[in-house]
Amino acid sequence: MRHGKYPLIIAFLVPPLVLYGVFVLSPYLQAFQISTTDWLGYSADANSVGLDNFVQLLRDDYVWNAIKNNAILLALVPVLTIALGLFFATMLNMGGRAGRAGVVGVRGTAAYRLVYFFPQVLSVVIIAVIWQQVYHPNAGLLNAALKPLGIDGPSWLGDPRTAFWCVLAVMVWANVGFYVVLFGAAMQAIPRDIYEAVLLDGAGRLVTLRRVTIPLLWDTVQVAWIYLAIAALDGFILVQRMTDGGPNFSSDVIGLRMYNTAFGSDTKFGYASAIGVVMFFLTLSVAVLALRASRRDRIEFS
Amino acid sequence: MATPAAGLLTGCAMGGDDDSGDDSAGRGEKTAENPFGVKADAPLEVVIFNGGYGEEYAKAHEAMYSEKYPNAKITHSSTQEISKTLQPRFVDGSPPDVVNNSGAGQIDPGALVSQGALADLGELLDAPSLDVPGKKVRETLLPGVVEVGSYDGRFHVLNISYTAYGIWYSTKLFADRGWEYPRTWDDHIALCRTIKAAGIAPWTYAGKHPRYMSWPVISTAVKLGGLDVAKNIDNLEPNAWTSDAMRTAADAWHQIVKDQFILPGTPGLDHVQSQTEWCRGKAALISCGSWIENEQKAVTPAGFDMAIAPTPSLGAGDKLPFEAIRGTAGEPFIVPAKAKNVAGGLEYFRTVLSMRGAKDFTQKVSALSVVAGAAEGATLPPGLTTVVKALDASGANGFNWVYNNYYRKLERELVDAACGEFFSGRIGPADFLAQCQKGADMIAQDSSLKKYKRA
């Protein structure tokens with residue numbers, strides 16, 4: 001047995017590790033190296049410039065503007081998405097009034113669950129295109145709905161006061177469905193007798209959610225938090241498709257800044273790599289912080 | 001197992017040392033028939049941008065090349081993502097021989113030139129035309145074609161389609177209502193009032209790409225102040241954007257914002273959405289280039305009869321007449337400096353610029369060729385017919401600017417953002433020009449960008 005163990009382990013481990021090394025690690029390392037050059041992307045000429053790109057980045061207002069927007073996304077998208085996800089999941093799993101009140105979902109749970117999951121099935125680009133039409137100032141769903149109320153809607157994506165928030169709303173909308181399903185599944189795993197005991201003690205729905213459900217779901221919420229935080233630091237596809245960072249850079253995000261610096265209006269691959277490296281460390285720190293901040297004692301069902 | 005992986009890990013996206021750019025090895029003997037010394041059996045690789053013009057026209061050009069060099073194997077491919085598809089090949093020194101560097105995924109031409117990635121096409125201009133007897137290729141081209149493809153005096157980019165930029169309107173709408181396209185600014189404002197009173201928005205524009213509106217502003221300024229206005233902008237001269245002519249032009253255009261002549265909601269529309277509102281008759285005037293007719297084909301109502309017109313004259317003091325219009329060559333083609341068959345690439349361009357190649361292009365894609373006279377005898381759609389007329393009337397008064405080719409970011413990001421603020425009414429003309437100037441200064445101070453001088 002011992003004789004045959006290592007070949008087997010190696011046979012299983014080496015191919016994925018090699019693939020990971022070639023397609024994940026090596027591009028990362030190269031990006032680090034490129035970020036210290038002035039490479040312009042279309043010739044083999046690149047001079048090492050040390051940390052110049054990073055120094056320049058510190059003084060680049062456009063980058064800071066993009067980071068500010070990502071910070072707002074980071075502050076709001078996870079909170080809103082998780083709050084809405086928890087609310088909907090609660091309603092779907094224990095919001096009904098019939099029978100043993102509080103432990104069944106509202107009527108039509110199955111249909112809601114399906115509908116909430118729809119955005120998750122669509123590709124992000126499709127979502128962006130659909131919402132671009134919804135936000136159409138003259139022919140869009142949103143302003144058409146406001147018109148009978150006597151409100152002349154704003155031009156949404158065309159107004160720097162609203163464009164960014166419109167994208168943020170779509171980001172939340174696109175993510176909520178997945179977390180409704182995720183939280184719903186986790187809620188199903190909570191033993192029913194806990195709820196029955198809580199109900200006997202006379203707890204209302206809100207208290208039940210706050211004191212019982214969320215603590216028992218904490219592991220899942222934590223995972224959701226990290227995923228959403230990483231998503232909030234990206235946001236590239238939605239922004240690029242819906243506003244291209246405009247108007248006047250009001251909805252710019254750091255991913256788009258990097259893309260435009262390399263592939264868009266510039267070909268500064270060295271500088272873009274520096275932005276990428278900064279993004280890498282930002283995302284890493286946020287993930288670590290989110291893990292730390294949300295660490296709590298594990299509750300296990302016995 | 002370890003060796004190839006290590007090779008890959010240390011291998012760099014930036015490529016290795018490059019060989020010299022001398023392509024004499026790939027050339028045969030130069031003769032009168034074969035001025036570039038094309039090797040008859042040298043393969044030719046052509047990459048076409050598959051956009052508004054499709055790729056059929058290019059296949060026809062390739063077939064013509066094959067007639068002359070039947071033993072040359074031609075590899076044709078097309079993509080909508082030129083930059084992403086070809087960047088690795090530029091870096092490792094094995095680019096195709098001919099590239100149609102166009103579309104949203106276009107590679108910044110200024111960057112390509114500054115990195116020495118493009119072959120000098122000067123030879124092409126001095127070679128005899130394939131089928132226009134007694135003329136060099138240079139002499140068969142419309143004015144401005146050489147200039148717009150030249151960087152510091154070297155011709156690097158061949159643009160094969162001639163484009164006019166102006167104001168578009170529906171002749172049917174105007175005829176039905178008894179309106180006439182205005183020749184002066186005052187008439188323009190008066191007409192806008194009439195149009196607005198009729199319940200139609202006088203103007204709309206590509207709200208998400210507001211640089212479309214920088215074209216009429218700069219055109220107005222050039223017509224007022226002369227060609228130097230544009231040249232100073234191209235050369236990043238200090239305060240080029242805040243010159244007197246630009247100020248007067250921006251003040252004038254501010255009127256359509258102040259008087260709310262722009263279709264409400266326009267800032268939220270992209271170019272196709274705004275052009276569609278225009279086609280639906282919600283707005284009367286729009287700024288665009290001559291590609292608009294192709295782009296709007298699917299939604300243009302029958303009998304709409306779109307027409308192009310120059311920007312209205314500001315007054316009697318204008319240096320250029322009303323008829324002067326911005327005409328320039330578009331749809332760029334390049335031969336990479338490290339292409340294996342540079343001579344073949346040049347010969348391919350000579351085929352494209354032959355009268356036969358140009359006429360075929362005009363017929364197939366309903367666009368004007370850069371070869372003078374190629375549109376004669378062709379049946380053109382209504383919009384393009386007006387473009388031909390407008391370019392004729394403009395003649396030697398035609399003008400152009402090229403800063404958008406030299407410094408892509410300046411137009412695409414910086415002037416774009418300033419136009420958005422200006423035409424949605426959030427800033428006035430002085431702030432608008434100051435913001436453009438700030439962008440130009442930023443480019444001028446960026447030592448990592450090569451600066452070009454327009455002669």
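Trainee: In this predicted model, in what order do the 3 strands of the open sheet in chain B lie?

Mentor: The model is a predicted one, and in chain B it shows an open sheet whose strands pair in the parallel sense. Its edge strands, which each pair on one side only, are β2 and β3 (98–99) of chain B.

Trainee: How many bridges hold β1(B) to strand β2 of chain B?

Mentor: Strand β2 covers residues 74–79 of chain B, and its pairing with β1(B) is parallel. One pair of partners is V47(B) with S77(B) in β2(B). The number of bridges between β1(B) and β2 is 6.

Trainee: Which residue of β3(B) stands opposite V46(B)?

Mentor: β1(B) and β3(B) run parallel and are joined by 2 bridges. In β3(B), the residue opposite V46(B) is V98(B).

Trainee: How many residues of strand β1 of chain B are buried?

Mentor: A residue counts as buried when its relative accessible area is under 20%. Strand β1 takes in residues 44–49 of chain B and is largely enclosed by the rest of the structure, because the buried residues number 6 of the 6.

Trainee: Which residues of β1(B) point the other way from L44(B), V46(B) and I48(B)?

Mentor: In a regular strand the side chains alternate between the two faces of the sheet. L44(B), V46(B) and I48(B) point one way from β1(B), and the residues on either side are all buried. Those pointing the other way are E45(B), V47(B) and F49(B).

Trainee: Which residue of β10(B) is the bridge partner of A164(B)?

Mentor: Strand β6 (residues 158–170) of chain B runs antiparallel to β10(B), and 7 bridges join them. Strand β10 spans residues 326–333 of chain B; 8 of its 8 residues are buried, so it is largely enclosed by the rest of the structure. The partner of A164(B) in β10(B) is G327(B).

Trainee: What radius of gyration does chain B have, and how does it agree with that of a compact globule?

Mentor: Chain B contains 20 helices and 11 strands, and its C-alpha atoms fill a box of roughly 70 × 50 × 45 Å along the principal axes. Buried residues account for 58% of its 455 residues. For 455 residues a compact globule would have a radius of gyration near 23 Å, and chain B agrees, with a value of 23 Å.

Trainee: Is P429(B) buried or exposed?

Mentor: P429(B) lies in helix α20 (residues 429–445) of chain B. Beyond its neighbours within four places in sequence, P429(B) is in contact with A250(B), D251(B), H254(B) and F422(B). Its relative accessible area is 14%, and the cut-off is under 20%, so P429(B) is buried.

Trainee: How many helices and strands does chain A have?

Mentor: Read along the sequence, the pattern of chain A is α-α-α-α-α-α-α-α-α-α-α-α-α. Its C-alpha trace spans about 80 × 75 × 30 Å along the principal axes. Of its 302 residues, 45% count as buried. Chain A has 13 helices and 0 strands.

Trainee: What share of the accessible surface of chain A belongs to carbon and sulfur atoms?

Mentor: In chain B the accessible surface comes to about 17600 Å², with 52% belonging to carbon and sulfur atoms. For chain A the accessible surface is about 16100 Å². The share of carbon and sulfur atoms in chain A is 67%.

Trainee: How far apart are the mean positions of the positive and negative charges of chain A?

Mentor: Chain B has 44 positive and 53 negative side chains, with the centres of the two sets 3 Å apart. Chain A has 21 positive and 17 negative charges. Their mean positions in chain A are apart by 12 Å.

Trainee: Which helix of chain B packs against the buried residues of α12(A)?

Mentor: Helix α12 (residues 254–262) of chain A is mostly covered, with 7 of its 9 residues buried. Among them are I254(A), L256(A) and R257(A). Within chain A, the buried residues of α12(A) pack against α3, α11 (236–242) and α13 (269–293). From chain B, the helix packing against them is α19 (408–423).

Methods: Residues are numbered from 1 along each chain as its sequence is written. Chains are lettered from A and ligands numbered from 1 in the order in which they are written. Side-chain values use heavy atoms; hydrogens and water are left out. Helices (H or I, at least four residues) and strands (E, at least two) are DSSP runs, numbered from the N terminus. The radius of gyration is taken over C-alpha atoms; the globule rule is 2.2 Å times the number of residues to the power 0.38. Buried means under 20% relative accessible area, exposed over 50%, partly exposed in between (1.4 Å probe, protein chains only). Accessible areas come from the Shrake-Rupley method with a 1.4 Å probe; for residues, only the protein chains shown count as cover. Lys and Arg count as positive and Asp and Glu as negative; His and the chain ends are not counted. The place of a charge is taken as NZ of Lys, CZ of Arg, CG of Asp or CD of Glu. Two strands pair if DSSP finds at least two bridges between them. Contact means heavy atoms within 4.5 Å.
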